[in-house]
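Subject: Structure handover

Hi,

Here is the structure we talked about. Please load it first, then read the notes below.

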Amino acid sequence: MMLIRLTYFSYNRLNDWYASKDRGVAEILATSVANNLRDCITGALICHDRWFVQELEGAEDKVSAAFERILRDQRHRDVSLVTMQAVSARRFPNFAMACLLPHEDNCDLFRHYGEDEIFDPRKMRADRLSDLIEAMADRGTTGGQAWMKKPAMNAA
Ligand code: FAD
């Protein structure tokens, strides 16, 4: 199986759909974890007030199918594909979809990797965006155990 990692960012529209953003994030993650466990997809999602940044990794056909669904989703807009590349190993093997929320323990990472006071993924290099996701995951995920189930995988 060829392992693919896809990275994109998009403009968060949860305010247009939900009274509470937490509710929106919870719904997205519940669907994502269920589908990703089924499809052996792993990854991480930064849920910033204005932006989503997501990495999906898995078999090419599964990742492409998930991305096509994600592109159609009205809960965000202006989805920009950053990279889609073959990789030799998963970066998030233990997460069907890790939820990464900005908070006081990781806000320095946005400044460090974004090189700006205001986080704007449109201004960031692809490698800096990936490094930000990885650094946030290293600091710890938030959002509840149900969003962090280990996928049952026998590949990569
Ligand atoms: P259905 O659930 O049948 O939905 C039909 C349509 O409505 C789709 O266009 C769907 O995108 C949209 N939709 C669904 N629920 C709502 C809602 N509450 N409000 C507005 N529109 C809605 N899915 C994954 O499988 N894996 C992921 O990793 C993943 N990550 C995501 C990250 C983000 C930032 C977002 C916004 C969504 C993500 N999703 C993910 C969800 C994905 O977009 C689809 O909703 C989901 O995969 C189900 O697809 P479906 O075709 O079965 O649509």
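In what order do the elements of the chain run from the N terminus on? The order is β-α-α-β-β-α-β-β-α-α. That comes to five helices and five strands. Helices (H or I, at least four residues) and strands (E, at least two) are DSSP runs, numbered from the N terminus.

Two notes on conventions. This is a predicted model, so local features need pLDDT of at least 70 and side-chain atom pairs count only at pLDDT 80 or more, while totals for chains, interfaces and linings use all residues. Residues are numbered from 1 along each chain as its sequence is written, and side-chain values use heavy atoms, with hydrogens and water left out.

**The chain overall**

The chain has 156 residues, and 45% of them count as buried. Buried means under 20% relative accessible area, exposed over 50%, and partly exposed in between (1.4 Å probe, protein chains only). The accessible surface of the chain is about 8,100 Å². Carbon and sulfur atoms hold 47% of that surface. Accessible areas come from the Shrake-Rupley method with a 1.4 Å probe; for residues, only the protein chains shown count as cover. Now take contacts (heavy atoms within 4.5 Å). Among those between residues at least 6 apart in sequence, 79% join residues at least 24 apart.

**The ligand site**

There are 19 residues around the ligand. Ser32, Asn35, Asn36, Arg69 and Asp73 come nearest.

Which element gives the largest share of the shell? It is α2, with six residues. At least two shell residues come from each of α2 (21–39), β3 (51–59) and α3 (60–72). By class, the shell has eight nonpolar, six polar and five charged residues. Here Ala, Val, Leu, Ile, Met, Phe, Trp, Tyr, Cys and Pro count as nonpolar, Asp, Glu, Lys and Arg as charged, and the others, Gly among them, as polar.

Now the atom pairs. A polar side-chain atom of Asp73 lies 2.7 Å from a ligand oxygen. For Asn35, a polar side-chain atom is 2.9 Å from an oxygen atom of the ligand. A ligand nitrogen is 3.5 Å from an N or O atom in the side chain of Glu27. On its own, the ligand has 900 Å² of accessible area, and the protein covers 72% of it.

**Salt bridges**

How many salt bridges does the structure hold? There are 13. The criterion is a side-chain nitrogen of Lys or Arg within 4 Å of a carboxyl oxygen of Asp or Glu.

Asp73 turns up again here. Its side chain meets that of Arg75 in a salt bridge (2.6 Å, N to O). Asp73 is partly exposed, at 23% relative accessible area.

Glu55 and Arg91 form another salt bridge, at 3.1 Å from N to O. Glu55 lies in strand β3 and Arg91 in the loop between β4 (76–86) and β5 (98–100), so the pair ties together parts that are 36 residues apart in sequence. Glu55 is buried, with a relative accessible area of 0%. Arg91 is partly exposed, at 25%. A network of salt bridges links Glu55, Arg91 and Glu134.

Asp39 and Arg38 pair up too, with their closest N and O atoms 2.9 Å apart. Asp39 is buried at 9% relative accessible area. Arg38 is exposed at 53%.

Best wishes

Note on methods: A residue is near a molecule or strand if one of its heavy atoms lies within 4 Å of it. A polar contact is a pair of N or O atoms within 3.5 Å; within protein, one must be able to donate a hydrogen and the other to accept it, and residues adjacent in sequence count only if both atoms are side-chain atoms.
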